[in-house]
Amino acid sequence: MLIKKPHRWQLPERAVTSKADFLNRRQIMATVGALGLAGLAGCGAAEESVAQAGTGRPLSGALPFRATDYQVADESTPYEAVTGYNNFYEFGVGKDDPARYASAMTTDPWSIEIEGHATRTGRFALEDVVDFSALEERIYRLRCVEAWSMVIPWIGIPLGAVLRQFEPTSDARYVQFITYQDAGEMRGTRSAVLDWPYKEGLRMDEAMNELAFLAVGLYGEVLPNQNGAPIRLVVPWKYGYKSIKSIVKIRFVSDEPETSWKRSAPREYGFYSNVNPNRAHPRWSQASERVIGAGPFARRETEMFNGYGPEVAGLYAGMDLIENH
Amino acid sequence: MAKNAVLRSFAKDWLKPLTFWALALPGLWLGWQWGLLLSGAPHDLGFNPIEKTHRFLGDTALRILLISLAVTPFRDLTRWLPIMKVRRRIGLAAFWYAAAHLVAYLGLDLYLAAGMSLTGMWAGLWEDVVKRIYITLGMTAFILLIPLALTSFNAMVRRLGARAWQNLHYSVYPLAVIACLHYGFMVKGNQLGPWIHGGILALLLAYRAGVWIRSRMKPQPVASTS
C-alpha cells in the first residue's frame with residue numbers, strides 16, 4: 001500500500017486558495033490598475049508580460065510558473081510591504097530607499113560570471129543560467145536579523161540545479177555570490193556603509209540543499225528591482241542578509257569565502273548566520289520577531305532555522321551553532 | 001529703531017509659546033499618525049510602525065538636545081540675549097522625547113516580546129542593558145538626563161544656587177556624547193547619520209572648549225592693594 005506522507009509544510013487542500021479565486025483576485029487587481037492608470041486607453045492587458053525580443057525573458061509582469069507544496073501556514077505578507085520595506089543598502093539605508101531609488105538599476109541585459117573550481121566557467125547571459133520555462137513558486141518565511149519577518153511567495157528555480165550546470169569540481173567546497181555594483185545607478189554605494197560590492201557565501205552542501213533557491217520573481221511577477229532583480233538568492237533558514245540580491249558573479253572556492261557583514265562586524269555576523277533564537281545577537285534579542293504587515297503589534301516566537309530544521313538541521317550535525325553563528 | 005521694537009515684542013510675547021509649540025509638534029505628529037493607524041486610515045508610519053516610532057523619538061530627542069546646546073553659541077554670535085529664556089525648555093523637551101523613546105521601547109518592544117508580562121519586560125530590560133552596548137549607552141544617557149530635568153524649574157535653580165546648578169548641568173556634555181554613541185552603536189554598518197549628529201556635537205563642544213581656553217588665556221585682573 002502506498003502511503004503518501006505529505007511534506008511538513010504542505011497545507012491541507014482545503015487551505016489552499018483555489019486557482020479560480022487567485023486568478024479572480026488578479027483579474028480584480030488588473031481591472032483596478034487598468035481603471036486607475038489607463039482607463040481611457042482601454043488597456044485590458046495590464047498583467048501581460050513584456051518580453052525582450054529574442055531572449056524570451058519577461059522583463060516585467062507575469063511569469064510562467066508551477067505551484068509547489070513549499071508553503072507557510074501563515075498568510076503571505078502584503079505585496080506592498082514586501083516591495084516597500086526593504087534592506088538593500090546599495091540604494092540607501094532607509095527601509096523605503098530601495099523602493100524609491102532601485103528603478104535606476106539596469107537589469108537587462110544581465111549576465112553572470114562563473115569563476116573558480118568548475119568545468120564550465122565564464123560569462124553567461126541570465127537567460128542561459130535560468131530556464132524561464134521551468135520556474136516554480138515557493139512560499140518561504142524570510143527572517144531578518146533585525147528581528148522582523150515576512151512570508152513571501154517567490155518564483156524561481158532551485159539553486160542546486162543552477163549550480164550543477166557549471167559542473168563544480170571536488171575542490172568547490174564553498175560558493176561565493178557577488179552583487180552588482182555601479183555607483184551611478186546605486187546611490188547608496190557612494191558612501192562606505194559596507195565594503196562594496198556586497199558578498200555572500202554558502203557551504204557547497206548548503207547550496208545543494210533542496211530549500212536553497214534562486215528567485216527571479218515574487219507574487220507571480222518579475223522581481224521588482226528593490227527585491228534584488230533580476231536574480232537573487234533565497235535561503236530561508238538563514239537571516240535575510242544571506243539571501244544576496246542582484247547577483248552578477250558566482251565563484252566556486254575551496255575555502256570559506258569573505259562575506260560582507262562578517263567583514264563589517266565579525267562579532268555580530270558569522271558566516272553561517274542560521275536563524276537561531278538561542279543566540280542573542282549583540283544588537284537584537286533573536287527570541288521573537290515582529291511580523292511585518294500583520295498589524296503593528298503582531299509578533300511571533302522565532303523558530304530554530306526559521307522553522308526549516310527538519311530540512312537543514314542535518315547539515316550542521318555535531319557543530320556548535322553558537323560558536324559557528 | 002522699529003526693528004528692535006518688533007524683536008523686543010517678539011521676545012516678550014511670542015518666543016516662549018512659539019518654542020513650546022515647535023517642540024511639541026513632533027510629538028503631536030506622532031500621536032496623530034498612531035491615531036490614523038489604529039483607526040485603520042492611511043498613515044505615514046510605514047510597514048514597521050514600532051521601529052519607525054523608536055527611530056523618530058530617538059532622532060527627535062537627540063536633535064532637540066543638540067539644539068539646546070546650540071543656544072549659547074547662538075546668543076554669543078547674535079548677541080540676542082532673549083534666546084536664553086527658552087534654553088531650559090528646549091533641554092526639558094529633549095528629556096521628554098527621550099522618556100517617550102524609553103517608554104516606547106519598554107512598552108512596544110519588551111512588554112510585547114515578553115508576552116505582555118511586566119516582570120518579563122523588566123527582565124528583558126536588564127538583559128538588554130547588560131548584553132547590548134547601545135542599550136547600555138542609551139540607558140546611561142537617559143539616567144544622566146533625569147537630574148537635569150528635575151532641576152530645570154525656577155524653584156530648583158534658586159534652591160541649588162546658580163553655581164551648583166551650572167556645575168550639575170555641565171553633565172549635559174558627556175551625556176550628549178553618550179547619546180551620539182548610542183545612535184552610532186545602534187545602526188548597522190558604517191552609516192552617515194551618527195557621524196552627522198556626532199559632527200554637529202563636536203562643533204558645539206569645540207566652541208565651548210575655545211571659549212574656555214580664551215578665558216584662561218586672558219590676563220586675570222589683579223586686585224588693587226591701594
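**A glycine and a sheet**

Author: Gladly, and do keep in mind that this is a predicted model. B:Gly193 has 16 other C-beta atoms within 10 Å, so B:Gly193 counts as partly exposed.

Reader: Thanks! In which helix of chain B does B:Gly193 lie?

Author: The element in question covers residues 192-217 of chain B, and B:Gly193 falls inside that stretch. The helix is H9.

Reader: Which residues is B:Gly193 in contact with, leaving aside its neighbours within four places in sequence?

Author: Contact here requires C-beta atoms within 7 Å. With the neighbours within four places set aside, B:Gly193 is in contact with B:Tyr183 and B:Val187.

Reader: What separates the C-alpha atoms of B:Gly193 and B:Asp59?

Author: Along the chain, B:Gly193 and B:Asp59 are 134 residues apart.

Reader: Over to chain A: which strands stand at the edges of the open sheet of five strands?

Author: The order in this sheet is E4-E3-E12-E7-E8, with mixed pairing. An edge strand has a single partner strand, so one side of it is left without a neighbour in the sheet. In chain A that applies to E4 (122-125) and E8 (199-203).

Note on methods
Residues numbered from 1 in each chain as written. Chains lettered and ligands numbered in written order. Predicted model: local features only at pLDDT ≥ 70, side-chain atom pairs only at ≥ 80, totals over all residues. Helix = DSSP H or I, 4+ residues; strand = E, 2+ residues; numbered from the N terminus. Buried ≥ 20, exposed ≤ 12 C-beta atoms within 10 Å, placed from the backbone. Contact = placed C-beta atoms within 7 Å. Pairing = 2+ DSSP bridges.
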